[in-house]
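Subject: Structure for your review

Dear colleague,

Please find below the structure I promised to hand over. My findings follow it, arranged by topic.

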Amino acid sequence: MSATAIRPTVDEIDPVAAYRLLESQADAALVDVRTRAEWAFVGVPDISMTGRPFWRVEWIGFPGMTHNPGFLDELTAHIDADRGGGVPERLLFICRSGARSKAAAETVAAALARSGIAVHCTNVAEGFEGDLDAEGHRGRRSGWKARGLPWRQD
């Protein structure tokens, strides 16, 4: 009998749907893949009211803007520390505008599938700050902040 290969599951939802999912799905977590500078100066989603885990793991490091080779290990360390190694059924990924988080979601889903773990990975389309507006500013037109979802600065 041959084992059935696990297919990576990745989709996208908007920030409001992501917040609602975190409110309603008990076995979900949010992973912010932006840089430390973004977390410090721009702010972070505040999902404390949902009771779900929120992990910060840089996909690309600042200031060099190079890929974080320890990304999967750092995410695994968060999962182990908060959950004793049990991966949530749903992992949501967020970045500034949705590109880095999509790449991170795809990478994590594929890595977990190769390990025989089925996890639904979801990219938060629009990200935390969203697209640029007509004046070249983020956080006004789309994204977590512009949609009025809870956030805070450290």
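Which residues of H4 are buried? In this predicted model, the buried residues of H4 are Arg100, Ser101, Ala104, Ala105, Val108, Ala109, Ala111, Leu112 and Ala113. Their cover includes strand S1 (9-13), helix H2 (36-41), strand S5 (60-61), H3, S7 and strand S8 (120-124).

After H4 comes Gly116, which has a positive phi, near 85°.

The nonpolar cores

The largest nonpolar core contains 20 residues, and Phe71, Leu75, Leu91 and Phe93 have the most contacts inside it. At least two residues of this core come from each of strand S2 (28-32), helix H3 (71-83), strand S7 (90-94) and helix H4 (99-114). The greatest contribution is that of H4, with five residues. As general background, nonpolar side chains tend to be buried together in soluble globular proteins.

Once its neighbours within four places in sequence are set aside, Leu75 is in contact with Val31, Trp55, Val57, Phe93 and Val108. There is also a second, separate core, made of 16 residues, with Val16, Ala28, Leu30 and Leu149 among them.

The sheet

Five strands form an open sheet in the order S1-S8-S7-S2-S4, and their pairing is parallel. S1 and strand S4 (54-56) are the edge strands, each pairing on one side only. From one strand to the next, the twist averages 25°. S1 and S8 run parallel and are joined by five bridges. H4 packs on the sheet, where it touches S1, S7 and S8, and its direction makes about 150° with that of S7.

Thr9

Thr9 is a residue of strand S1, and its bridge partner in S8 is His120. Not counting residues up to four places away in sequence, Thr9 touches Ala109, Val119, His120 and Cys121. Although Thr9 and Glu106 are 97 residues apart along the chain, their C-alpha atoms are separated by 8.1 Å. Is Thr9 buried, exposed or partly exposed? Its relative accessible area is 36%, so Thr9 counts as partly exposed, given that buried means under 20% and exposed means over 50%.

The cysteines

How many disulfides does a search of the whole structure find? The search finds zero. Cys95 takes part in no disulfide, and the nearest cysteine sulfur to its own, that of Cys121, is 14 Å away.

Yours sincerely

Methods. Residues numbered from 1 in each chain as written. Predicted model: local features only at pLDDT ≥ 70, side-chain atom pairs only at ≥ 80, totals over all residues. Heavy atoms only, no water. Core = buried A, V, L, I, M, F, W, Y, C linked by side-chain atoms within 4.5 Å. Buried < 20%, exposed > 50% of the residue type's maximum accessible area, 1.4 Å probe, protein only. Helix = DSSP H or I, 4+ residues; strand = E, 2+ residues; numbered from the N terminus. Contact = heavy atoms within 4.5 Å. Pairing = 2+ DSSP bridges. Axes fitted to C-alpha atoms, helices over the stretch in contact; angles between N-to-C directions. Disulfide = S-S within 2.5 Å.
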